[in-house]
Amino acid sequence: MSKPTNTRSPSTPHRTSQGNRDFRKRTQREVRPATSSRSVPVAGDATAQAAIILKEGREKSLLRRHPWVFSGAIERIDGTPVSGDTLQVVDSTGKFVAQAAYNAGSQITARVWSWNPEEAIDTAFFRRKIATAIAGRTGLNLQKDSSGMRLIHAESDGLPGLIVDQYGDVLVMQIGSAGIEHWREQIADILQELCNPACIYERSDSDSRTLEGLELRCGVLRGTLPDTVEVIEHGLRFRVDVADGQKTGFYLDQRDNRKLTETLAEGRDVLNCFCYTGGFSLYALRGGAKSVLSMDASGEALHIATDNLTRNNLDESRAEWQEADVFVALRKLRDQGKTFDMIILDPPKFAPTAAFAEKAARGYKDINLLGFKLLRPGGLLFTYSCSGGISEELFQKIIAGAALDAGVDAQIVRHLHASGDHPVLLSFPEGAYLKGLLLRVAD
Ligand code: SAH
């Protein structure tokens, strides 16, 4: 995978919207929301006068503390802000609503930093937010026998667009918003100061960056990247390819679900689809599975998976790895009359946004239908969706349709979600991207 190392300025030229053109005719005095009782200039920012004026009634979601300002909700933009600047968001009467980071190139034109007009958005603000996120996790006892942790989960930790994953003494930072991009260096300094890692590696190459109008960028931000990065999870060791692996190198969100798989695997023939570097497979093997067949389309991921097996001294004779397209391979297994006691389906994101939901639904239905057909009576299906565009309710409906078409009766045994280091802010349900079901088919 090629990794551009662009270090362009975080600020992109602003969109020449009607709103901006409107403003240039105005005087500085008029820029300030005149009727706001609590409006203050944005601290520490050259564009102290800049503001987003919302259309009438469009402050409602913000008043419920949903942290996004969509372009369609904006009446006009006062001032000449550039992407990454902090702006005031005011309602149509000029009353303060929030302080937010501007992004001229995104449908999400601003993401909220603070609901407090007095709070300075400065280095101390980011230090506070980051320290709070880290301290909150420490208090949840999440790190038992583990050296991996999502330290910052973007909007849900009050830092829209910032992901920080910890793998031992390496931190991987992913930036998905213009606001975080603007404060990137300060954030790296704070992480260095608070966590003292050997390396902070930037993996700002997610698809969402393109939607945000941000260029892709990867590379060492602080320190030196060790030759091998390893994460320990519930005592199992996994090699993490932070530079070229998927996401930030590992799927920390499935930690608790992998552990659950281990507890149910004993004596079972297991099929792990979309296995990546072997997460669920290794847990199933440690849990005493009779056999584990693992499939993934990525040869590199499978290479690491077999290495992980060796790292953990697990019994290779019970493990089989297949480089395959799961959609094709499941049909082959069905045609061969193969069956399993436990199947794990953890596909990649089929629907990044709701616009892709219909196509994604077909994909989920297809693999789950085949999964149901391959399960022996009384067998267990762990099925997941990490698509932000598919709600938990819709996912359950898709799975119900798949079971019906497969001609099996199944019960939900557990509703599954991401681990506790991926918290979901109540006012930001979009944070609950990972949903899963543990199902048991009838005997
Ligand atoms: N369960 C894994 C994470 C899965 S991520 C864990 O616990 O770590 C999704 C995986 O699906 C990726 O490894 C990707 O390479 C793989 N993938 C994507 N499309 C695929 C396809 N059509 N067939 C097989 N694997 C696919």
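Let's start with Glu185. In this predicted model, Glu185 is partly exposed, at 38% relative accessible area. Its salt-bridge partner is Arg222, with N and O 2.8 Å apart. Arg222 is buried, at 18%, because the cut-off for buried is under 20%. Now look at where the two sit. Glu185 is in helix H6, residues 184–195, and Arg222 is in strand S11, residues 217–223. So this pair ties together parts that are 37 residues apart in sequence.

Next pair. Arg209 forms a salt bridge with Glu181, and the closest N and O atoms are 2.9 Å apart. Helix H7 holds Arg209 and helix H5 holds Glu181, so parts 28 residues apart in sequence are tied together. Buried or exposed, this Arg209? Buried, with a relative accessible area of 0%. Glu181 is buried too, at 3%.

One more. Asp256 bridges to Arg255, at 4.0 Å between the closest N and O atoms. Asp256 is partly exposed, at 35%. Arg255 is buried, at 1%. Shared partners also build a network: Glu181, Arg184, Glu185, Asp189, Glu202, Arg209, Arg217 and Arg222 are joined through salt bridges. The whole structure has 35 salt bridges.

On to the nonpolar side. The largest nonpolar core has 42 residues. Tyr167, Val242, Trp321 and Phe382 have the most contacts inside it. Helix H9, residues 279–286, gives the most to this core: 5 residues. A second, separate core has 36 residues, including Leu370 and Ile390.

Last, the strands. S7 pairs with S8, antiparallel, over 5 bridges. There, Arg150 has Asp165 in S8 as its bridge partner.

Key: Residues are numbered from 1 along each chain as its sequence is written. This is a predicted model: local features need pLDDT of at least 70, side-chain atom pairs count only at pLDDT 80 or more; totals for chains, interfaces and linings use all residues. Side-chain values use heavy atoms; hydrogens and water are left out. A nonpolar core is a set of buried Ala, Val, Leu, Ile, Met, Phe, Trp, Tyr and Cys residues joined through side-chain atoms within 4.5 Å. Buried means under 20% relative accessible area, exposed over 50%, partly exposed in between (1.4 Å probe, protein chains only). Helices (H or I, at least four residues) and strands (E, at least two) are DSSP runs, numbered from the N terminus. Two strands pair if DSSP finds at least two bridges between them. A salt bridge is a side-chain nitrogen of Lys or Arg within 4 Å of a carboxyl oxygen of Asp or Glu.
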